[in-house]
Amino acid sequence: MELFKRAGKMAMGTRVRFLSEQIGQDAAEIYRVYENDIQPKWFPVFYVLSNEEQNTVTSIAEAIGHSHASVSKILTEMSKAGLVLEKTDSQDRRRTKITLSKKGKDLSEKIERQYADVNEAIEQISAQATNNLWAAIEEWEYLLGQKSLLSRVLEIKKRRESMDVKIVAYQPKYKEAFYKLNEEWISKYFTMEKPDRDALENPESYILKKGGSIFVALLNGEPVGVCALIKREDLGCYELAKMAVSPKAQGKSIGFLLGQAIVEKAREMGEQRLFLESNTILKPAIRLYEKLGFVKVVGPPTPYDRCNIQMELKL
């Protein structure tokens, strides 16, 4: 108990397992006391079969929320104990019907006394308890079904780590990082093209002096992400382009933070829309753009061989 006091909610899994083991040990002893030859882990399957004349492995698995393999293993053990019978469905020989044997049906009647006593004991505990454990379990099962504990922890981790990221305006000292991060990203999926080299080798003249901007994401002072706002005279708007994040820094919302910085800069400049070009094999990138509010459009011919999707954001 001292461990749980010190560790708090981090030890929830351990504490729930301890409680489950304690109840499981008592359950096994209760079956023995009532001379009911059944293992606690068989109970869900046994209960379903006791209340329905016949079933299939699939229907039992669906009813109790177990896997097909888990139910099959339990049925094998119950069959060895003489509690269940299996027979081929006369109308569909691919299906096997599961029923209780005579021994199983006799046990089903006998065990009712045990059910009644256990239920009364649990009601006693509930009456003495401040909180309703049964209702809490139902609520937690529902909430975890909506979003798992793992998903929630990963979201919090990403949010916390993103707070360590600082988005800054481009400076000449970031020129090498701007080139290398983009080269690493482009070369992983595609081939560097002439428009890439024009922008990456000459960011000041190709982007900044034409009225564009470049933002750099710093993690502990190290450049780990970049993104540019490039003026497109042919479109009469600006383009979100040259976004790249170091693989070692992915999963920290850096792409989203860079994208937000670009969008806010465009708004400050009084722009009405933003344009971008990408490729549909880059599913995480497309989801990021959609999260920022971009939608698919049909734009002008692209200078990039790798581009197969164009998107726009109305500001």
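How many of the six residues of strand β7 are buried? In this predicted model, where local features need pLDDT of at least 70, side-chain atom pairs count only at pLDDT 80 or more, and totals for chains, interfaces and linings use all residues, five of the six residues of β7 (residues 273-278) are buried, that is, under 20% relative accessible area with a 1.4 Å probe and protein chains only. Residues are numbered from 1 along each chain as its sequence is written, and side-chain values use heavy atoms, with hydrogens and water left out. Helices (H or I, at least four residues) and strands (E, at least two) are DSSP runs numbered from the N terminus.

With β6 it runs parallel, joined by two bridges, and Tyr-238 stands opposite Leu-274 of β7. With β9 (residues 309-314), β7 pairs in the antiparallel sense over six bridges, and Ser-278 stands opposite Ile-309.

Strand β6 (237-245) is also a packing partner of helix α11, whose buried residues touch α10 (175-189) and α12 (203-206) as well, contact being heavy atoms within 4.5 Å. Those buried residues of α11 (residues 194-201) are Pro-195, Asp-196, Ala-199 and Leu-200; because they cover an arc of only 120 degrees around the axis, they lie on the same side of α11, the arc being taken from the directions from the helix axis to the C-beta atoms.

Technical notes
Buried < 20%, exposed > 50% of the residue type's maximum accessible area, 1.4 Å probe, protein only. Pairing = 2+ DSSP bridges.
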